[in-house]
Amino acid sequence: MDNGNSSDHPHFFVGIGGSGMMPLAMILAARGATVAGSDRSLDQARLPAKFEYLRDLGVELFPQDGSGIVSPHQIVIASAAIEDNVPDMVAAARLGCERRTRAEMLADLFNASTMPVGVAGTSGKSTVTGMIGWILRATDRDPTVMNGAVMKNFATPNAPFASALVGGGDAFVSEVDESDGSIALFAPRVAVLNNVSLDHKTLEELNQLFGDFIAKAELAVINMDNPDGAALAGTLPKRQVVGFGIDCAAAFTARGIVEEPYGVSFTLEVADHDPLPVTLQVPGRHNVSNALAAIAAAHCAGVALDETVLAIAGFTGLRRRFELVGETQGVAVLDDFGHNPDKIAATLNTLNAFPGRLLVLFQPHGYGPLKVMRRELVDAFANGLKPGDVLILPDPAFFGGTVTREVTSADIVADLVAKGCDARHIADRAEAAANIANIAQSGDRAIVMGARDDTLSQVAGDILAQIAAR
């Protein structure tokens, strides 16, 4: 098994700018592998700073026209969004290049480490991965961390796209993906299961995948507030399970939660240990749950409880996870990754803990998810929006390829209007953003929500600038 420290074969990433691909490419490049790649966004001149950063790391970039794949010795790694008729894939097939998925490459690195810590679940993976990574880094464990989001703690002016951290220690912390079934490739020593809820697959399929994942681990850190998670915990020997929860009896629990607009504090209760005060720089009850998962996982990986609590207070969050873009004219503008029902509900609950009208721009992350999650998405918004709140949906993210458009943004809006919500369909995203900026008043919170499309952060910035310019 290639441990990623060196390689006789150059690696070529097709779709290297993707949230799962880029950090893996960064880790391989930092470990001395020859890395190159292509990306549709690069060809479309979108997000040039991201690709300039990759070039600075020594990654050679090519158009996605097959010109970068020239040798049968190249290992070609393709993201799930890449279809076989893309010129790079045609070239790889013609030359007989070894094909690997992103997950296969990542699993090799993860499984070869001494202390692999895998974070699974349909919501909160990136935040918990970032929290664990920060705790291990702050306590001098020098971890390697693979994340699908930029970790603010590790981002610097010279390294703005810090979705990966390369360390020399035993720990390899990674979020693992259930959406494509690749979670089955990972063999963690410490497994975290945040929650099980509808997203890309049926609950039956998810429970099978997550159940198999936690069964492999020496210790499984499981959210006992989540009914499916608690049920899966019951299938394992008790010595293997480390439970956490807010509203249930568990090994790690939170009491006395005090919410702030951009933070939260609580008392950590752990059996056979004095209660410990915990302060977080990220808000919401869902982040209390995330923190319990991270503290428990770090403890399972060998960090003393007192050290974990001290360290997690320094965690500053992830980009696009309830990120305050700025405030102007009395309006706060936020950028958020909420795209499935659980994430959307968590974000709206966090916002609703404090007064102020919500102006939400939600870009669905594809036509397929709209079809799968239609009823649950509608319920999440219908339950989370208050009278007076406004929701605007542009058309879903779409970057080419084949797709069926059975359920559209207009369908979701019609469902919400039927439930009495002020929901509007404005197909063009720039027009939708301008609409938000035009109606914003002092005391409002404007929030951009959605996934898969890195340019959503620019939309949030545009809304802020348009309000400021009024």
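Student: Which residues of H5 are buried?
Tutor: In this predicted model, the buried residues of H5 are Arg102, Ala103, Met105, Leu106, Ala107, Asp108, Leu109 and Phe110. Helix H5 covers residues 102–112 and is mostly covered, with eight of its eleven residues buried.

Student: Okay, and what does arginine 100 touch?
Tutor: Leaving out residues up to four places away in sequence, arginine 100 touches Ile75, Val76, Ile77, Ala78, Met105 and Asp108. Met105 and Asp108 are among the buried residues of H5.

Student: Where does arginine 100 lie?
Tutor: Arginine 100 is part of strand E5, which covers residues 98–101.

Student: Why does arginine 100 count as buried?
Tutor: Its relative accessibility is 17%, and buried means under 20%.

Student: How far apart are valine 117 and glycine 133?
Tutor: In sequence they are 16 residues apart, and in space they are 9.8 Å apart, going from C-alpha to C-alpha.

Student: New topic: aromatic rings. How many aromatic pairs does the structure hold?
Tutor: There are seven aromatic pairs. One of them is phenylalanine 12 with phenylalanine 62, a tilted pair with 6.0 Å from centre to centre and 40 degrees between the planes. That pair links distant parts of the chain, 50 residues apart: phenylalanine 12 is in strand E1 (residues 11–14) and phenylalanine 62 is in strand E3 (residues 60–62).

Student: Are those two buried or exposed?
Tutor: Both phenylalanine 12 and phenylalanine 62 are buried. Another pair to look at is phenylalanine 362 and phenylalanine 381, also tilted, with 5.2 Å between centres and 55 degrees between planes.

Student: Which parts does the pair of phenylalanine 362 and phenylalanine 381 tie together?
Tutor: Phenylalanine 362 lies in strand E18 (residues 358–363), while phenylalanine 381 lies in helix H12 (residues 367–384), so the pair ties together parts 19 residues apart in sequence. Phenylalanine 362 counts as buried at 1% relative accessibility, and phenylalanine 381 counts as buried at 0%.

Student: Let's zoom out. How many helices and strands does the chain have?
Tutor: The chain has 15 helices and 21 strands. Its radius of gyration is 22 Å, close to the 23 Å that the globule rule gives for 470 residues, so the chain is as compact as a globular protein of that length. Along its principal axes, the C-alpha trace spans about 60 × 55 × 45 Å.

Student: And what share of the residues is buried?
Tutor: Buried residues make up 56% of the 470 in the chain.

Student: Last one: how many positive and negative side chains are there?
Tutor: The chain has 36 positive and 55 negative side chains, and the centres of these two sets lie 2 Å apart.

Methods
Residues numbered from 1 in each chain as written. Predicted model: local features only at pLDDT ≥ 70, side-chain atom pairs only at ≥ 80, totals over all residues. Heavy atoms only, no water. Helix = DSSP H or I, 4+ residues; strand = E, 2+ residues; numbered from the N terminus. Rg over C-alpha atoms; globule rule 2.2 N^0.38 Å. Buried < 20%, exposed > 50% of the residue type's maximum accessible area, 1.4 Å probe, protein only. Lys, Arg positive; Asp, Glu negative; His and termini not counted. Charge placed at Lys NZ, Arg CZ, Asp CG, Glu CD. Phe/Tyr/Trp six-rings, centres within 6.5 Å; stacked < 30°, edge-to-face > 60°. Contact = heavy atoms within 4.5 Å.
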